[in-house]
Amino acid sequence: MAPNPAKRIRLPLNGVLLLDKPVGFSSNDALIKAKRLINAQKGGHTGTLDPFATGVLPLCFGEATKFAQDLLDADKTYETVIHLGIMTTTGDTEGEVLATSEVNVTREQIDRVLEQFRGPIQQVPPMYSALKRDGKPLYEYARAGITLEREARDVTIHVLEFLDYQAPYLRLRVACSKGTYIRVLGEDIGAALGCGAHLQALRRIQVGHLTLLGCVTLDQVMATAEAERASLLAPVDSLLSSFPEVVLPESLAKRFLQGQRLTLTKEGVPLPANAGRVRVYREPTDSVDASHERQLLGTAQLHEYGVLAPERLIATSQQSAA
């Protein structure tokens, strides 16, 4: 009997792969594929994109997974094509057709209806979703033909921009809070127009401050030499670039990593203008190449009087993405 091939040793990579997810992959499918391609030990994605959707899917590896929740909670921006006049079981192209209706909709009607959905609204989560009831995702109930009562949830539509209308296709840009289902928004817009609808296409173009700029496709990862794929990872602090920074000298950095609260006004450390969440670095020891030497320590809350309270800390000996 032939011996089993040696088990591949996964690498302790740390960083963020900004993936432009293709059609046909679930978020978890995309993560598994990318994790295998770059040979990483530990990884996670930052919010589900439906298989029929494409666009920005940040994949976090190693120490970056500690900050994935920030992107789960972040606002998202999408471009979508709503197919008016056809309703499906899933609210998108993957479901079976439930009903069809004639589409006689004007631009003026569209503008009036869109105004109803701007700002704070309530949505009833769809049955075809990963939300769980009694430990089981709702889509499993739906596939078994079971419909459960769901409570409406508060979400906010920050931007609902008309892009184009070529009947029966309505194209929109949507910027929204976490927990918003664009499929439900499309269905609700179709219902308000009196003709029903489902999503024909959905592309996520922004998550928090991360955009399609800098994203790579799975094909691009595969086309990169295996030994160079880790270089496609953005550094861990790319997830935190919207937070002000605090830079600590070595003596304070050690105390910070031990979880100690620090009063920075007494230590003469330069502080950002406002209190709130900050990213914290260790001061570089090489003044010639400070940007290369500076090391991310984690995040913290900066309170009044310069009190720095550690929040999420990272293993500083494992920061390299390569």
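**Close-up views of a predicted model**

**View 1. The annotated residue D50.** At 22% relative accessibility, D50 counts as partly exposed, because buried would require under 20%. This is a predicted model. In an unreviewed entry, UniProt lists D50 under "active site". D50 sits in the loop between β2 (43-45) and β3 (54-61). Which residues is D50 in contact with, leaving aside its neighbours within four places in sequence? They are K21, F25, D92 and R183.

**View 2. The largest nonpolar core.** This core has 29 residues. L160 and I189 touch the most other members. Six elements are named here for giving two or more residues each: β4 (76-84), α3 (107-116), β10 (153-166), β11 (169-176), α5 (182-192) and β12 (197-207). The largest share, five residues, comes from β10.

**View 3. I189 and its contacts.** Leave aside the neighbours within four places in sequence, and I189 is in contact with I82, V113, L114, F117, L160, L170 and L172. A second core of 19 residues is separate. Among its members are V16, L18, V207 and F243.

**View 4. Helix α7 and its buried face.** Which residues of α7 (residues 250-257) are buried? They are L252, A253 and F256. Seen down the axis of α7, these buried residues fall within an arc of 105 degrees, so they line one face of the helix. An α-helix has 3.6 residues a turn, so residues three or four places apart point the same way. The cover over the buried residues of α7 includes β14 (245-248), β15 (262-263), β16 (276-282), β17 (295-302) and β18 (307-313). Just after α7, G259 takes a positive phi of about 85 degrees.

Methods
Residues are numbered from 1 along each chain as its sequence is written. This is a predicted model: local features need pLDDT of at least 70, side-chain atom pairs count only at pLDDT 80 or more; totals for chains, interfaces and linings use all residues. Side-chain values use heavy atoms; hydrogens and water are left out. A nonpolar core is a set of buried Ala, Val, Leu, Ile, Met, Phe, Trp, Tyr and Cys residues joined through side-chain atoms within 4.5 Å. Buried means under 20% relative accessible area, exposed over 50%, partly exposed in between (1.4 Å probe, protein chains only). Helices (H or I, at least four residues) and strands (E, at least two) are DSSP runs, numbered from the N terminus. Contact means heavy atoms within 4.5 Å. UniProt positions are given in the numbering used here, feature names are shortened, and annotations may be inferred rather than shown by experiment. The arc is that of the directions from the helix axis to the C-beta atoms.
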